[in-house]
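Morning, everyone. Please have a look at the model on the screen, and then I'll walk you through one part.

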Amino acid sequence: SREAPEITRHLTAADLEASLAHDVAEGLSRTPKTLPPKYFYDARGSELFEQITTLEEYYPTRTEESILAAQATEITKLADADTLVELGSGSSTKTRLLLDGMRSTGRLARYVPVDVSESALLGAIESLRADYPGMAMHGVIADFERHLGLLPQEGTRLVAFLGGTIGNLAPAQRARFLGAVRSGLGPADRLLLGTGLVTDLTRLVRAYDDASGVTAEFNRNVLRVVNDSLHADFEPEAFDHIAVWNAEEEWIEMRLRSRKAQTVRVADLDLTVEFAEGEEMRTEISAKFRREVVERELTEAGFTLEAWWTDPQDDFALSLAAP
Ligand code: AVJ
């Protein structure tokens, strides 16, 4: 027998549209122009991201997975949780490594995926149901920048924020995010955080500018998202994909560079935007970290860094933090 999964909704499609409209209006009115990275992930964007994770050049996903595979038992033993809360529905491989570790401690009770996308949540829940029969699942539709105070409180929780997605937030946003996670946790709960590390710069840039152009398509897709949701007339092919290392900030920037002077109309915002030939618009930052920086940011948010794991090349790190 299959019950309908328990789903809590803190966010509707209309809320998402409204925040996109607000963020796009703000970003396109700035100099230089920006678009926020959190709207990359419509159906096509999510598919392109999945494709990115299989590229030879894009090492973070498989590296984080290898750390998880090697350390899941240790991580779950230290955390000693019965509930896995995953911010971003994640790849089922990473989720399963953690759930299997928890199951081996004999305490696995509950999986709580948190995502803005209901279809991503239902997909995650459906793919796990058969393999974790005794485990309760409670999906939460929420924006992890806004609704952390509303997460389900049941159980002793391991809150996982993987993939290096924290690097897509600017430092002030990260501080706000970590502070909000911290204040939602009880003393026995733990945070598991995945961060890309500052590493060989050539390899780092190539991870965001692959030879087959998948990342370029992913980047341009954000223009399609804006076109679809705000009735804009961006011509994606009139922009080149750029990935640069910002040495001062220690982050990768993805940009779209206008191939020509052009005018873009965003009907729903009643906004007309001019691009000069060669003008660059930032679409994503992906910060890379050093251990000291992760530790400092966690400490400033009120966490204690309990454990730190990396791969042999120091490309990626997992941190376990106690509130
Ligand atoms: C979603 C954080 C895993 O920043 O590396 C991949 C998104 N952007 N290629 C990252 C992304 C360009 C990615 N994460």
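Helices and strands here are DSSP runs, numbered from the N terminus: H or I with at least four residues for helices, E with at least two for strands. This is a predicted model: local features need pLDDT of at least 70, side-chain atom pairs count only at pLDDT 80 or more, and totals for chains, interfaces and linings use all residues. Residues are numbered from 1 along each chain as its sequence is written.

Start with helix 8, residues 214-230. Helix 8 has 17 residues and reaches 24 Å from first C-alpha to last. That is close to the expected 24 Å, taken as 1.5 Å times one less than the number of residues. Just after helix 8, histidine 231 takes a positive phi of about 50°.

Next, burial. Buried means 20 or more other C-beta atoms, placed from the backbone, within 10 Å of a residue's own. In helix 8, the buried residues include Thr215, Phe218, Arg220 and Leu223.

What covers them? Helix 1, helix 2, strand 7, strand 8 and strand 11 are among the elements that do, with contact meaning C-beta atoms, placed from the backbone, within 7 Å.

Three strands form an open sheet, order 7-8-11, with antiparallel pairing; pairing takes at least two DSSP bridges. Strands 7 and 11 stand at the edges with a single partner strand each, so one side of each has no neighbour in the sheet. Eight bridges join strand 7 to strand 8. Aspartate 240 stands opposite arginine 257 in strand 8.

Notes. A residue is buried if 20 or more other C-beta atoms lie within 10 Å of its own, exposed if 12 or fewer, and partly exposed in between; C-beta atoms are placed from the backbone. Two residues are in contact if their C-beta atoms, placed from the backbone, lie within 7 Å.
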